[in-house]
Amino acid sequence: MMGTWEKRRERLENMPASRLWSTRPARRRLVVVAAAALVVLWAGLVIIARHAPSDLARNVYLSMFGISLLVGLPVVGWLHTATRGVLYLPERLLDERQLHDRRRAYTSAHRATSLVLGSLFVLANFWSYGDRLTLTVPTALVAPLALTLFVTHYTIPLLIAAWTVADPPDDDDE
């Protein structure tokens, strides 16, 4: 009798999208689209920082967030399918190659997230330096910044895994 995770693994491996998106060029195109959705979220923060508090900042950010969500959610699903659940499935269901891919993705993502946070730290210091070490942050920026950091933190391992995993074996080799 198959458990829930085994059924999910079976479904992931047999989805038509699995074959459609499983090649390296197709996965990399998806990664570029997902990265663009993240850039849209980050650009929305710039709009808020520049124009908040205002209706313009709110409306533009919500529009950018909506676009990012409409594009990003299906792409994340396709990336999970294309990587055959390397980051989605529990470790007990993965083979050694998949476990290696998962660990490499998380390690690289940790470095990338550290780079993003370090860059924000440096940017905040440079930004506040001209104002005698005073940085005024609109409260409208706090929640979107936390959301954007969370989405970035969640998405980067998947993007790295999708970019670096090897193509699945052909049906003849299985």
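This is a short tour of a predicted model, stop by stop, with what to select at each one.

**Before you click**

Number residues from 1 along each chain as the sequence is written. Local features here need pLDDT of at least 70 and side-chain atom pairs count only at pLDDT 80 or more, while totals for chains, interfaces and linings use all residues, and side-chain values use heavy atoms, with hydrogens and water left out.

**Stop 1: the whole chain**

Switch to cartoon view and colour by secondary structure. You'll find 6 helices and 0 strands, running α-α-α-α-α-α from the N terminus on. (Helices are DSSP runs of H or I with at least four residues, strands are E runs of at least two, and both are numbered from the N terminus.) Of the 174 residues, 34% count as buried, meaning under 20% relative accessible area with a 1.4 Å probe and protein chains only; over 50% is exposed, and in between is partly exposed.

**Stop 2: α3 against α4**

Select residues 24-51 for α3 and 55-82 for α4. Two packed helices are described by the angle between their axes and the distance between the axes. Here the axes come within 9 Å and cross at roughly 160°, which makes α3 roughly antiparallel to α4. Axes are lines fitted to C-alpha atoms, for helices over the stretch in contact, and angles run from 0 to 180 degrees between N-to-C directions. Angles over 145 degrees count as roughly antiparallel, under 35 as roughly parallel, 65 to 115 as roughly perpendicular and the rest as oblique.

The α3 and α4 crossing is left-handed: the near helix is turned anticlockwise from the far one by less than a right angle. Show side chains at this contact and you get 23 nonpolar, 4 polar and 1 charged residues. (Nonpolar covers Ala, Val, Leu, Ile, Met, Phe, Trp, Tyr, Cys and Pro; charged covers Asp, Glu, Lys and Arg; the others, Gly among them, are polar.)

**Stop 3: the largest pocket**

Now pick A49, L120, L123, W127 and L141, which lie nearest the centre of the largest pocket among its 17 lining residues. α3, α5 (96-129) and α6 (142-164) are the elements that give two or more residues to this lining. The pocket holds about 460 Å³ of space, and its lining has 14 nonpolar, 2 polar and 1 charged residues.

A pocket is an open set of points on a 1 Å grid over the protein atoms alone, with protein on both sides within 12 Å along at least five of seven lines; in a cavity a 1.4 Å probe fits but cannot get out, and lining residues have an atom within 4 Å of a point. Grid points are joined across faces, edges and corners, and a volume is the space filled by probe spheres set on them.

**Stop 4: the second largest pocket**

This one has about 290 Å³ of space. Select L69, G72, L73, V151 and T155, the closest to its centre of 15 lining residues. α4 gives the most to the lining, with 6 residues. By class, the lining of the second largest pocket has 12 nonpolar, 3 polar and no charged residues.

**Stop 5: the cavity**

Head for A82, T83, R84, R97 and A166, nearest its centre among 13 lining residues. The lining of this cavity has 5 nonpolar, 3 polar and 5 charged residues.

**Last stop: I156**

Find I156 in helix α6. I156 counts as buried because its relative accessibility is 12%.
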